[in-house]
Amino acid sequence: MIELAYALALATGLGLAQCLAGWILVTRFAARARIRPARLPPVTILKPLCGDEPLLEEALASCCCQTYPAFQIVFGVQDAADPALTIAQRLRDRYPRCDITIVVDDTQHGPNRKVTNLINMLPSARHDVLVISDSDLHVMPDYLEQLVAALEVPGTGLVTAVFIGIAARRGWPAWLGATHISHVFLPGVLVARAMRRQDCLGSTVMLRRQVLEEVGGLQPLVTQLAEDNVLGQRVLGLGLMIRLADIVTAVTVPETSFRALWQHEIRWARTIRGLVPISHAVSTFQHPLFSAVMALVLSGGARWSVALLAFAWVVRAISARGIDRALLPKLGRHAFAAPYWLLPLRDALSVVETIASYWSSEVVWRGHKLTAARGTRGSRGSFARRNRPISHTLPEGILPVTVKCHGKRHRR
């Protein structure tokens with residue numbers, strides 16, 4: 001048992017080394033100066049919507065407040081009774097000078113509903129520079145400008161952006177989700193970039209229409225659970241680069257229960273496991289507090305293990321606070337400062353999710369049960385079978401309105 005405790009102590013050291021490396025890389029990234037692009041081509045932002053969610057209007061409004069000279073926003077829903085449609089209409093009234101198009105189209109193209117929505121929205125996009133942007137994304141006013149600055153670098157085929165998590169409500173489920181995104185996922189992305197990996201982060205994807213057409217368009221992605229990864233791999237296959245914009249965005253963490261948080265994060269874990277199963281298993285080294293606690297237990301509470309746990313806890317807390325402070329200039333707002341007592345629980349939950357991701361391939365996404373299947377290189381993370389709806393309830397008190405789009409009339 002003591003030998004295993006020593007091995008876990010070594011794992012703790014490796015995890016702390018990565019933790020410190022991530023903090024350093026985040027600090028360097030945050031210190032990079034913003035670049036004003038020489039050209040400012042018109043841009044279309046594609047915002048697929050599905051249901052109401054906390055801070056949705058705030059997130060969507062941040063896109064309407066861009067300082068960019070010429071841009072269009074396309075909001076898309078598949079159901080005329082979707083409550084997100086009301087928010088999109090309200091934003092169009094609230095920002096009359098903003099070029100906003102709303103698409104309501106229930107045409108189904110495959111099991112990935114986000115991609116299906118995007119396929120329906122794409123004909124309404126008027127510009128050749130496209131941004132696929134998640135509905136829960138909060139952005140700074142120079143979001144588009146910095147994306148274009150990266151896209152204008154010669155050899156760039158796709159631009160993406162890192163993000164932190166912001167808790168929509170007070171409570172430990174949302175705090176756990178936010179601290180994982182801000183203090184594990186984000187520095188992990190920068191560590192991967194330092195190791196020459198070029199990952200596409202699906203919350204923000206900018207590319208030219210011509211590049212999208214060269215990789216086959218959106219239709220081949222409709223059977224993929226990790227459509228962002230597949231799109232990124234196809235762009236790399238053209239010999240083009242995936243570049244990281246010099247901005248930091250924020251995503252809403254809406255979970256109010258452990259069950260909701262578990263479903264959300266286990267979907268991530270099982271999707272990543274389908275893409276890179278070995279690397280996913282090795283990622284447990286990112287969570288040094290879990291290995292430090294296990295070393296404490298297996299050593300019978302030896303003094304060295306108590307000191308190791310205290311040291312690891314302090315390092316994790318300092319690096320988390322350091323990341324938050326470093327990102328403040330790019331965010332324009334205070335990032336989430338994790339309560340220190342949550343950090344061991346956060347690491348333990350991440351390790352359990354990693355282990356559980358190998359037990360099953362079933363995930364829940366937007367209220368639908370899906371199966372993530374492993375495939376050949378470039379097609380991993382596809383759907384093994386058609387999605388099965390869990391439930392769909394419509395909100396009460398919705399007044400009937402008529403939305404006309406693409407020659408169809410929808411009542412809600």
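Reader: How many of the 15 residues of α13 are buried?

Author: This is a predicted model, and in it 11 of the 15 residues of α13 are buried, so the helix is largely enclosed by the rest of the structure. The buried set consists of Leu342, Leu343, Pro344, Arg346, Asp347, Leu349, Ser350, Val351, Glu353, Thr354 and Ala356.

Reader: What covers the buried residues of α13?

Author: The cover includes the helices α6, α9 (258-275), α10 (277-282), α11 (288-298) and α12.

Reader: And what does α13 reach from its first C-alpha to its last?

Author: The helix runs over residues 342-356 and reaches 21 Å between those two atoms, close to the 21 Å expected at 1.5 Å a residue.

Reader: Let us turn to α2. How many of its 9 residues are buried?

Author: The count is 7 of the 9, so α2 is largely enclosed by the rest of the structure. Leu56, Ala59, Leu60, Ala61, Ser62, Cys63 and Cys64 are the buried residues of α2.

Reader: Which elements do the buried residues of α2 pack against?

Author: They pack against the strands β1, β2, β3 (99-104) and β5 (137-138), and against the helix α3.

Reader: Where is Leu55 in relation to α2 (56-64)?

Author: Leu55 sits in the loop between β1 (43-48) and α2. Its phi is positive, about 65 degrees, although Leu55 is not a glycine. The residue is partly exposed, with a relative accessible area of 28%.

Reader: Which residue other than glycine has a positive phi near 75 degrees?

Author: That residue is Arg196, with phi near 75 degrees. Arg196 belongs to the loop between α6 and β7 (204-208).

Reader: Is Arg196 buried or exposed?

Author: Arg196 has a relative accessible area of 74% and is therefore exposed, the cut-off being over 50%.

Reader: Staying with loops, where is Asp82, and is it buried or exposed?

Author: Asp82 lies in the loop between β2 (71-77) and α3 (83-94). Its relative accessibility is 8%, and Asp82 therefore counts as buried, the cut-off being under 20%.

Reader: What does the side chain of Asp82 reach at 2.8 Å?

Author: At that distance the side chain of Asp82 reaches the backbone nitrogen of Gly51.

Reader: What about the second largest pocket: which residues are the closest to its centre?

Author: The second largest pocket holds about 500 Å³ of space. Of its 20 lining residues, Phe29, Arg32, Arg193, Leu244 and Asp246 are the closest to the centre.

Reader: Which element supplies the largest share of that pocket's lining?

Author: The largest share, 5 residues, comes from β8. The elements α1, α5 (143-151), α6 and β8 (241-253) each supply at least two residues of the lining. By class, this pocket is lined by 11 nonpolar, 2 polar and 7 charged residues.

Reader: To finish, how many helices and strands does the protein have?

Author: The secondary structure comes to 13 helices and 14 strands. Of the 412 residues, 55% count as buried. Among contacts between residues at least 6 apart in sequence, 80% join residues at least 24 apart.

Methods
Residues numbered from 1 in each chain as written. Predicted model: local features only at pLDDT ≥ 70, side-chain atom pairs only at ≥ 80, totals over all residues. Heavy atoms only, no water. Helix = DSSP H or I, 4+ residues; strand = E, 2+ residues; numbered from the N terminus. Buried < 20%, exposed > 50% of the residue type's maximum accessible area, 1.4 Å probe, protein only. Polar contact = N/O pair within 3.5 Å; in protein donor to acceptor, adjacent residues only side chain to side chain. 1 Å grid on protein atoms, 1.4 Å probe; cavity = no way out; pocket = protein on both sides within 12 Å on 5 of 7 lines; lining within 4 Å. Points joined across faces, edges and corners; volume = space filled by probe spheres on them. Nonpolar A, V, L, I, M, F, W, Y, C, P; charged D, E, K, R; others polar. Expected span 1.5 Å × (residues − 1). Contact = heavy atoms within 4.5 Å.
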